[in-house]
Amino acid sequence: MNQRANELQAQGKPVVGILTGSPSDLDVVKKAQETLTSLGIPSELFVLSAHRTPELTARYCREAEARGLEVIIACAGMAAHLAGAVAAQTFLPVIGVPLKSSLDGMDALLATVQMPPGIPVATVGIDGSKNAAYLAARMLARKFPELKARLEADLVEQQKRYDNPFA
Ligand code: RP5
């Protein structure tokens with residue numbers, strides 16, 4: 001196994017920060033953390049809001065890189081400004097997860113994805129917290145190559161649910 005990925009797992013220090021805008025989001029958001037854990041990626045999860053706790057959110061983002069984080073996943077519903085507010089405070093890549101809280105999540109999707117030029121948020125689908133974790137893993141695999149092998153193994157597992165007409 002690649003030495004750096006081993007170190008990543010052994011040290012247990014979070015490299016992905018997961019934020020969400022309300023305790024009411026946690027059932028969906030926890031799937032991101034479960035997926036990262038299944039891939040051997042240490043993460044941390046905090047409830048922080050762009051609107052209700054703006055100063056704590058900004059401080060978290062400004063200190064994130066120095067604390068060793070590599071990617072931030074930001075999840076929110078309704079007027080979902082969290083991912084954009086995070087991207088305004090850090091140069092780490094930000095993955096936005098729009099949550100289905102009202103209007104079937106369409107409000108959050110548009111609020112998260114429609115960032116102005118220069119402040120990007122890589123937005124996954126509505127309630128797409130698992131895919132946010134997989135995207136974070138692909139980003140991290142550029143620095144920790146063993147993660148690529150884990151992603152390949154995970155895909156093989158997914159493929160077991162499918163037929164192979166050529167077998
Ligand atoms: C957003 O508003 C949160 O991310 C949540 O999805 C939604 C509703 O929050 P609560 O009123 O349930 O706290 O900021």
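Analyst: First, the ground rules. This is a predicted model: local features need pLDDT of at least 70, side-chain atom pairs count only at pLDDT 80 or more, and totals for chains, interfaces and linings use all residues. Residues are numbered from 1 along each chain as its sequence is written, and side-chain values use heavy atoms, leaving out hydrogens and water.

On that other side, Glu55, Leu56, Arg59 and Arg62 are exposed. Exposed means over 50% relative accessible area, buried under 20%, and partly exposed in between (1.4 Å probe, protein chains only). Helix H3 spans residues 54-64, and its buried residues are Thr57, Ala58, Tyr60, Cys61 and Ala64. They line one face of the helix, because they fall within an arc of 160° seen down its axis. The arc is taken from the directions between the helix axis and the C-beta atoms. Helices (H or I, at least four residues) and strands (E, at least two) are DSSP runs, numbered from the N terminus.

What does the buried face of H3 pack against? Its partners are strands S1 (16-20), S2 (43-47) and S3 (71-77), plus helix H4 (82-87). Contact here means heavy atoms within 4.5 Å.

Gly77 belongs to S3. A backbone N or O atom of Gly77 lies 3.0 Å from a ligand oxygen. The polar contact cut-off is a pair of N or O atoms within 3.5 Å.

Technical notes
Polar contact = N/O pair within 3.5 Å; in protein donor to acceptor, adjacent residues only side chain to side chain.
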